[in-house]
Every structure is written in C-alpha cells, then in structure tokens.
Amino acid sequence: MLIFMKEKKYKAIRKSAFMVYKQCPRRFEYNYKDPKYWDYGASDDKSDMKIWRGNQFHKFCETFFDKIITIPPKDWSFPTHEDEVVQRMIFWFVGKEVERHIKLEHDKQLEYFQPLANELKVYYENTIDRTGHIDRIDRIGEKEVCVVEYKAGQSYNMELPERITSMNAEIGFYTQLLKLAKVYPDYKITHWKVINPVLQKVWMNKISPISLRSVETVFADMVDKITKKKVFPKKISPLCHWCPYKVPCDPFYDKPIGIDFNKPL
Ligand code: SF4
C-alpha cells in the first residue's frame with residue numbers, strides 16, 4: 001500500500017538555521033528560501049579541508065563506541081587514517097576517552113561510559129517543526145544526561161565569551177528539542193560538553209535555564225515572522241563579510257559601510 005505524506009506548509013527549522021536567525025534574521029530568510037537549505041556541508045570532497053577533516057573525525061566518533069564496547073581500554077587500538085591531521089585528532093580523542101573510562105571505572109560507573117546515543121536525529125512536529133542532529137548523549141549518574149558536541153575547528157574555543165554564549169544557544173536548541181520530542185523522559189538534561197580535537201580541549205558546563213527560555217522566545221519570534229510573512233530585519237555586522245547572501249542583500253555591498261573587515265572577529 002502506498003502512503004502519501006501530507007506535504008508540510010513550512011520547512012522544519014534545524015539548529016544551524018536557528019543560529020543563523022540569531023545572527024541575522026534577513027540572512028535566515030535567504031537561507032530558508034534557498035533550495036540548498038537542507039545541505040549540511042557533509043560532502044566527502046576535499047575542496048574545503050577543514051570541513052572534510054571535521055567530517056572524517058565525526059565519522060570515526062560515530063562508530064568508535066560500538067567497536068570498543070567489549071574490549072578493555074588497554075587493548076584499544078588506534079586506527080590509522082590517510083590524513084595525518086585527522087590521525088592526530090583521533091589519537092588525542094581516543095586518549096581522552098581512555099582517561100574518562102579509567103575515571104568512571106574508579107567510580108564504579110562503567111556502564112555510563114557507553115553513550116546513550118551517537119549521531120541522534122530528533123524531530124518535533126508543530127506549527128513549524130524543528131529538527132536536529134545531536135553528536136552524542138552521555139549519561140551522568142542515574143538520572144541526568146549531557147549533550148555532547150564535537151567541534152573540530154580553531155575558532156571553537158569555549159574560553160571566548162561569545163563562543164560560550166553561542167554554545168548555550170546551540171545546546172539550548174537541542175535541549176528544548178529533546179524535551180519537546182520526549183526522547184529521554186526519564187532523564188534530566190543538565191549538562192553540555194564540547195570536545196575539540198583541533199585545540200585538544202574538552203569543556204563541560206551546566207545548561208542554563210535562561211538560555212532555554214531565550215531559545216523559546218527566539219523560536220516564537222521566528223514562527224511569527226514566517227507564518228505572518230513579516231519583515232526579517234537586517235543585522236549588519238562584520239559577519240556580513242562572510243555572508244553567502246551579501247550580494248542580494250545589498251547591491252551596494254562592496255561600497256564601504258563603515259566596517260573594518262580586516263579586524264579580527
Ligand atoms: S549581508 Fe549582513 S545584513 Fe545582509 S543578510 Fe547577510 S548577514 Fe544579514
């Protein structure tokens with residue numbers, strides 16, 4: 001029997017679109033209308049080595065835990081990778097997971113080592129749906145979980161205040177999505193963790209209730225603008241320089257507008 005899915009009036013909002021909206025509502029509008037809206041930049045070509053390496057690292061992490069579940073850490077092997085930068089990331093990551101394993105073993109919480117989920121796709125239906133792809137969910141103790149993000153890039157330094165703010169928004173989006181879709185009704189989502197194999201750092205933080213409220217406020221504003229066809233205002237900032245829609249947004253874009261794009265962000 002053929003089942004025809006009713007076509008949705010509005011596209012779902014994914015996390016990266018939500019983050020674009022926070023950066024500039026007009027850019028979001030262009031992105032939302034773009035036929036390439038669903039492109040995740042997950043291509044396997046090497047035209048952008050940073051993206052390619054990040055994707056390679058994600059692929060490794062996705063299957064890592066399934067492969068080592070029955071093997072004690074002392075016997076874990078370090079797989080080889082054709083690219084030496086990716087190899088270094090993997091080597092560091094496995095070392096960090098060995099440390100975590102040892103610490104958990106000491107605390108007699110070995111069962112918490114294995115993530116609850118890897119590469120989890122979540123979807124929530126509403127007036128405008130929302131969706132997300134979460135890198136990993138870890139358990140902390142009996143009743144709490146931690147949303148884990150792999151961020152393979154120099155710029156993902158959580159010691160920078162603007163990065164913490166943006167990460168709170170990203171994780172806030174995921175946390176609300178998990179709650180609304182009732183993915184883990186028996187757990188409280190209390191923490192986030194960012195693992196950056198390029199900077200070789202791990203950060204862990206508590207999820208702030210303020211950032212969760214802020215996600216809902218911004219989301220309600222997006223829904224209102226989309227459904228009532230309201231104006232999406234421009235938010236001019238140094239980031240305009242890297243905006244893929246800068247030409248349609250402003251035909252005079254190349255004329256000076258008082259922003260020094262050579263200053264570091
Ligand atoms: S060029 Fe700037 S103002 Fe225009 S859409 Fe892009 S980010 Fe927004």
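Ala, Val, Leu, Ile, Met, Phe, Trp, Tyr, Cys and Pro are classed as nonpolar, Asp, Glu, Lys and Arg as charged, and the others, Gly among them, as polar. The model is predicted: local features require pLDDT of at least 70 and side-chain atom pairs pLDDT 80 or more, while totals for chains, interfaces and linings use all residues. Residue numbers start from 1 along each chain as its sequence is written.

**View A. Shell around the ligand.** The ligand is surrounded by 13 residues, the closest being Cys 24, Lys 234, Cys 240, Cys 243 and Cys 249 (C-beta atom, placed from the backbone, within 6 Å of the molecule). Helix H2 (25-33) and helix H7 (246-249) are the elements that give two or more residues to this shell (DSSP runs numbered from the N terminus: helices, H or I, of at least four residues; strands, E, of at least two). By class, the shell has seven nonpolar, no polar and six charged residues.

**View B. Contact of helices H3 and H4.** The axes of H3 (residues 49-68) and H4 (residues 84-106) come within 10 Å and cross at roughly 35° (lines fitted to C-alpha atoms over the stretch in contact, with angles from 0 to 180 degrees between N-to-C directions). Arg 53, Gln 56, Phe 57, Phe 60 and Cys 61 of H3 meet Val 85, Val 86, Met 89, Ile 90 and Phe 93 of H4 (C-beta atoms, placed from the backbone, within 7 Å). Eight nonpolar, one polar and one charged residues form this contact.

**View C. Surroundings of Val 147.** Leaving aside residues up to four places away in sequence, Val 147 touches Ile 134, Ile 137, Ile 171, Tyr 174, Thr 175, Ile 189 and Trp 192.

Note on methods:
Contact = placed C-beta atoms within 7 Å.
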